[in-house]
Amino acid sequence: MDTTIYSENQSILKSKGKLAARGILIVLSENFFGQVCILEKDTTVIGRSESADFVIKDSLISREHCIIGIDEEHHFYLEDLQSTNSISLNSKKLKKRKSLYYGDKICLGETILRFFREESL
């Protein structure tokens, strides 16, 4: 697997290990600070509905707001599910499905998430 990690400003960071198959989302905003979702399924639905895989009780998030999926090459991506309020990825409005990279910042409603990948030595 790839061992190169890109930061938000696209400068290259070096991992001390190899990126593994699982991803993780960590909530960094004060409303749900520290809430975590481990991404192990092919697709993970994020929303405020109890039927979502990662439930965030933010009134500005749709019941099924977006998905994070894994493609055939084991790359993660983010896709909007026609949410009422948009998504921003690294401070840019998400208009179409986009690949996710280590450290990406995802904003949904009033909630800020960071995406990371599991690493192994």
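Buried here means under 20% relative accessible area, exposed means over 50%, and partly exposed is in between, with a 1.4 Å probe and protein chains only.

Before I go on, this is a predicted model, so local features need pLDDT of at least 70 and side-chain atom pairs count only at pLDDT 80 or more, while totals for chains, interfaces and linings use all residues. Residues are numbered from 1 along each chain as its sequence is written, and side-chain values use heavy atoms, with hydrogens and water left out.

Back to our serine. Ser88 belongs to strand β9, residues 87-89. Strands are DSSP runs of E with at least two residues, helices are runs of H or I with at least four, and both are numbered from the N terminus. Which residues does Ser88 touch, leaving aside neighbours within four places in sequence? They are Lys93, Leu94, Lys105, Ile106 and Cys107, where contact means heavy atoms within 4.5 Å. Ser88 and Gly109 are 21 residues apart along the chain, and their C-alpha atoms are separated by 9.4 Å.

Now for the rings. The model has 2 aromatic pairs; rings of Phe, Tyr and Trp (its six-membered ring) pair if their centres lie within 6.5 Å, with planes under 30 degrees apart called stacked, over 60 edge-to-face, and the rest tilted. Take Tyr102 and Phe116: their ring centres are 5.1 Å apart and their planes stand at 75 degrees, so this pair is edge-to-face. Tyr102 is in the loop between β11 (98-99) and β12 (105-108), and Phe116 is in strand β13 (residues 111-120), so the pair ties together parts 14 residues apart in sequence. Phe116 itself is partly exposed, because its relative accessibility is 24%.

Finally, the whole chain. How many helices and strands are there? The chain has 0 helices and 13 strands. Of its 121 residues, 40% are buried. Among contacts with a separation of 6 or more, 39% are between residues 24 or more positions apart. The chain exposes about 7,300 Å², and carbon and sulfur atoms supply 48% of that, using the Shrake-Rupley method with a 1.4 Å probe.
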